[in-house]
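Colleague: I would like to learn how to read a protein model. Can we take the features in turn?

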Amino acid sequence: MLLRIWLALILVIVGYVLTLLLNINGYTNMAYDARKNELQHIVDIAKNTIQPIVENQKAGLITKEESIQEGIEILSRMTFQDSYGKNYIFMTNYEGTMLVIPYQMEKRGLNQWNLQDINGKYLIQEIIKLANSTEGKGFVDYYYLPPGRDVQQNKISYIVGIPEWDAYIGTGMYTGDLERYNKKSISVIILIAILTSIIIILSNIILVRPLYLCHRILLSLFEDIRNNPDNTPEVDLHGFNIKSEAGKLLSSFRSMLNEVLLLKKEKEAAQTATLKEVKKSEQLKSKFLENAEKMVRERTAELTKAQA
């Protein structure tokens, strides 16, 4: 019984862990997609912010250079703090010159046309190709050096082309930061899962222990009855709640033993009474036979005398 209970408990925990792992994988993918949507949303806000300046340029109210300069001033202030650290909007023209790059002001005005990542990908050329595509926007994956760090990390950015300025704007995230954040969240989830499993195990031990003890007591009682069929063992209910399943089971078993004992006594009393009646009947039979034999002898003697 106990083995089956523990086996069922282990199967429940294994199923729980497998479900948790699947949910963690789904959670990671969901967090990644949510972060990409957030990047797209931020870039769309930035584009809508500078759109009035672009419209003034198209209307001839300001020159292209004035329009770009106003856009640089606005976009340079569009820095923000997200769950992974400092982030910003960047802008580069189609010649590869960086126009807006907060937190790395030393790179502003530099031409990065031939900039390559650790895999040999030409970053600016790839992004410009995407900005000049039919849609003029999208995600690009590459390696880039984070501010204040000396090792390139994988980065995914969402960019939108601004053809009126011959430039593009965008923002990105370092997937390593996202992975660290996910690992932290996953660690919390795993810790909760472990605590939940411990609670489940302790709860089952507390709930199953009375039934297990009841099972052991019943086995012991059956063994006593098998070894000593003439004796009625005592059922000890100490430590059991009479209203619990184990208490009810032991109480019912004790009642059954008492009924069996009563029936046994009634059977013994009936057997004793029957034996007395049989003995009395035997005595009457013996006396009757003695009287009959006496009468036969007397009659025989009378007949013998009469013949003589």
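The talk below goes from the overall build to charges, rings and surface patches.

Modeller: First, the ground rules. Residues are numbered from 1 along each chain as its sequence is written, and side-chain values use heavy atoms, with hydrogens and water left out. This is a predicted model, where local features need pLDDT of at least 70, side-chain atom pairs count only at pLDDT 80 or more, and totals for chains, interfaces and linings use all residues.

Colleague: How many helices and strands does the protein have?

Modeller: Helices (H or I, at least four residues) and strands (E, at least two) are DSSP runs, numbered from the N terminus. Here there are five helices and seven strands. Along the sequence the pattern reads α-α-β-β-β-β-α-β-β-β-α-α.

Colleague: What share of the residues is buried?

Modeller: Buried means under 20% relative accessible area, exposed means over 50%, and partly exposed lies in between (1.4 Å probe, protein chains only). Of the 308 residues in the protein, 31% are buried.

Colleague: Now the charges. What is the general idea?

Modeller: Side chains of opposite charge can pair when their charged atoms come close. For a salt bridge, a side-chain nitrogen of Lys or Arg must be within 4 Å of a carboxyl oxygen of Asp or Glu. That rule gives two salt bridges.

Colleague: Which residue forms a salt bridge with R35?

Modeller: The partner is E38, and the closest N and O atoms are 3.1 Å apart. Both residues sit in helix α1 (residues 2–58), three residues apart, about one turn of the helix. R35 is buried, because its relative accessibility is 2%. E38 is partly exposed at 33%.

Colleague: And which residue pairs with K64?

Modeller: K64 bridges to D166, with the closest N and O atoms 2.6 Å apart. K64 lies in helix α2 and D166 in the loop between β6 (153–162) and β7 (167–174), so this pair ties together parts that are 102 residues apart in sequence. K64 is partly exposed, at 29% relative accessibility. D166 is partly exposed too, at 36%.

Colleague: How many aromatic pairs are there?

Modeller: Rings of Phe, Tyr and Trp (its six-membered ring) pair if their centres lie within 6.5 Å; planes under 30 degrees apart count as stacked, over 60 as edge-to-face and the rest as tilted. The whole structure holds five aromatic pairs. In one of them, Y88 and F90 have ring centres 6.5 Å apart and planes at 70°, so they are edge-to-face. Y88 is buried at 4%, and F90 is buried at 10%. Ring pairs also link Y88, F90, Y103 and Y168 into a cluster.

Colleague: Why do Y142 and Y144 count as edge-to-face?

Modeller: Their planes meet at 85°, with the centres 6.3 Å apart, so the pair is edge-to-face. Y142 is buried at 6%, and Y144 is buried at 9%.

Colleague: Last, the surface. Which residues form the nonpolar patch?

Modeller: Patches are made of residues with over 30% relative accessible area and no salt bridge: like charges are joined within 9 Å, nonpolar side chains (Val, Leu, Ile, Met, Phe, Trp, Tyr) within 5 Å. Accessible areas come from the Shrake-Rupley method with a 1.4 Å probe, and for residues only the protein chains shown count as cover. I190, L191, I194, L195, I198 and L202 form the nonpolar patch, with about 530 Å² of accessible area together. I198 belongs to helix α4 (residues 175–227) and is partly exposed at 42%.
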